[in-house]
Amino acid sequence: MTLSNIFLIILVLAIVGFIAARIMVVRSAAGDIRQIHSGKNYYGWFVAIACSAPAILVLVAWMLVQFIAVPNSIVSGISQTEIDAVGSRSLVMTQIQDVASGLSKAVAQGEITQVQAIDPNVDVVELQKRFANVGVALGSGITEEVMRKAQLYRAKMADWSFWRNIAVLAVSFIGFAFALSRVNKDFRSRNAVERFLLVVLGAAASIAVLTTIGIVLSMLFETRRFFGMYPAMDFFFGTEWAASFHGDSKLGFLPLLWGTLYISLVAMMVAVPIGLFAAIYLSEYASKATRSFAKPLLEILAGIPTIVYGLFALLTVGPLLLTIFGADGLGWMADGRAVITAGLVLGVMLIPFVSSLSDDIINAVPQSLRDGSFGLGATQSETVKQVILPAALPGIAGAVLLAASRAIGETMIVVMGAGATAAVFYESPDRYLNPFEIMTTITTRVVAQLTGDGAFNSPETLVAFALGLTLFCLTLMLNVYALYIVRKYQEQYV
């Protein structure tokens, strides 16, 4: 029985329970609905929730345990020779899951029989040929042991799924029967439904925290493996980046950090003044007709894909800057891809983030503050400068922070506009401070290190997780510092 069938049964049971509860509660009150404690629908929802929510919770918990316990039991029986040949236990398990998926797909399309899929004596080479016929490419590294473990993996997953379906349906029917037994005119179903909704709201509020924890943990384990292969001091304080999958790599973090901060700084120098001035104009000076036309037009920039901005930097902004600052112009620029190219285009992309949020924040300043300023004889410009902007400053700081975080995490514009060379710490400071030089960022290197079919068993690949975790910590500190500044200002303003 598939999961879709399980959900269908639970849905039908919930609908039947909803209808039955409404009928039963009216009968318990002898047809007089004034004697019922809660509305009829509350009794229906109580039964529907009782037969669906616990069952879905059991299903989710079972699947989490299943997808942890079964792979662990399979991997624990793999020989060390097989692990050394592939690189790590996780990579061997990935191979096993791929083969198991190929077996299931081949059986579903009739390429092999179910008997062949579980036959321990089946020829591995022949099975790989059958996999190719159904569009499953497994490569040439599949061994006899991996094939047998894949067969065992399918069998265990099938057993777990069988008992999972029984457990979920049993919980659903028990909840259905229990809820119907509680339905009567004196039962406070509204209170029970509202308590359930309170739990759901609390769970929804915790998703952000749990997601953050999951992101950190997913990177932390791989980062620990990286630092087991590469010295942490050389990573955090290295001044050269030269990743080579042939060994002898230099994976210094400082060149990437400098490129990230430098390009983001140029972008913020473009986005913050233009975005803030645009917000002030649209909020305080523009007519309603101008605002209704200009604000949506400005916000269109936020919907343009970053790859389009990257192409704009590569094909338009870069050649234009090269014409002005290149060999035929001032002679400062050797290539269209440079820090200033990426920074300018990235700044244009960030303008609507700063402008739209700042505009909403300025409009939220109470009109009474404006009226009081005008009543004291201040001009409109003085009111904007001395009243409105100080009142809106905490929110504006949040808008700038959002734009800065967006700039630090950008990839495509940097790849096309600034290049992918981490040549930052040159012999002379005037070069790594030069905005017309090629530089790269942390996000660009993360993509580059994970591009291709490289296995997660070398420092050149695992460094991507260290870079990602470091970037996460960097943006987290930026957010904490900005929050501190905002709160400090708010205290002074009050």
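**Labels and their cut-offs**

Analyst: Leu 8, Leu 11, Val 12, Ile 15, Val 16, Ile 19 and Ile 23 make a nonpolar surface patch of about 610 Å². The model is a predicted one, in which local features need pLDDT of at least 70 and side-chain atom pairs need pLDDT 80 or more, while totals for chains, interfaces and linings use all residues. Numbering starts from 1 along each chain as its sequence is written, and side-chain values use heavy atoms, without hydrogens or water.

User: What makes a group of residues a nonpolar patch?

Analyst: Patch members have over 30% relative accessible area and no salt bridge; nonpolar side chains (Val, Leu, Ile, Met, Phe, Trp, Tyr) are joined within 5 Å, and like charges within 9 Å. The areas come from the Shrake-Rupley method with a 1.4 Å probe, and for residues only the protein chains shown count as cover.

User: Why is Ile 15 called partly exposed?

Analyst: Buried means under 20% relative accessible area and exposed means over 50%, with partly exposed in between. Ile 15 has 47% relative accessibility, so it is partly exposed. Ile 15 sits in helix α1 (residues 3–28). A helix here is a DSSP run of H or I with at least four residues, a strand is a run of E with at least two, and both are numbered from the N terminus.

User: How many helices and strands are there, and what share of the residues is buried?

Analyst: The protein has 19 helices and two strands. Of its 494 residues, 39% are buried. The protein exposes about 26200 Å², and carbon and sulfur atoms supply 67% of that area.

User: Why is Gln 66 called buried?

Analyst: Its relative accessible area is 1%, so Gln 66 is buried. Gln 66 belongs to helix α2 (residues 40–75). Contact means heavy atoms within 4.5 Å. With neighbours within four places in sequence left aside, Gln 66 is in contact with Pro 71, Met 157, Trp 160, Ser 161 and Arg 164.

User: Is Ser 172 buried or exposed, and what is it in contact with?

Analyst: At 1% relative accessibility, Ser 172 counts as buried. Ser 172 lies in helix α7 (residues 144–182). Beyond four places in sequence, the contacts of Ser 172 are Ile 10, Leu 13, Cys 51 and Ala 55. Cys 51 is buried too, because its relative accessibility is 0%.

User: How many disulfides are counted?

Analyst: A disulfide is a pair of cysteine sulfur atoms within 2.5 Å, and the count by this rule is zero. Another cysteine, Cys 473, is partly exposed because its relative accessibility is 36%.

User: Why is the pair Phe 235 and Phe 236 called edge-to-face?

Analyst: Rings of Phe, Tyr and Trp (its six-membered ring) pair if their centres lie within 6.5 Å; planes under 30 degrees apart are stacked, over 60 edge-to-face, and the rest tilted. The rule gives 14 aromatic pairs. The ring centres of Phe 235 and Phe 236 are 5.0 Å apart and the planes are at 75°, so this pair is edge-to-face. Phe 235 is buried at 0% relative accessibility, while Phe 236 is partly exposed at 32%. Ring pairs link Phe 226, Phe 227, Tyr 230, Phe 235, Phe 236 and Phe 253 into a cluster.

User: How do you know that Arg 225 and Glu 222 form a salt bridge?

Analyst: A salt bridge needs a side-chain nitrogen of Lys or Arg within 4 Å of a carboxyl oxygen of Asp or Glu. For Arg 225 and Glu 222 the N to O distance is 3.1 Å, and the pair is a salt bridge. Both residues lie in helix α8 (residues 189–229), three residues apart, about one turn of the helix. Arg 225 is partly exposed at 26%, and Glu 222 is buried at 19%.

User: How many salt bridges are there by this rule?

Analyst: The count is six. One of them joins Glu 284 and Arg 370, with closest N and O atoms 2.7 Å apart. This pair links distant parts of the chain, with Glu 284 in helix α10 (residues 254–285) and Arg 370 in helix α14 (residues 367–375), 86 residues apart. Both Glu 284 and Arg 370 are buried. Salt bridges with shared partners also join Arg 291, Lys 295, Asp 359 and Asp 360 into one network.

Note on methods: Buried means under 20% relative accessible area, exposed over 50%, partly exposed in between (1.4 Å probe, protein chains only).
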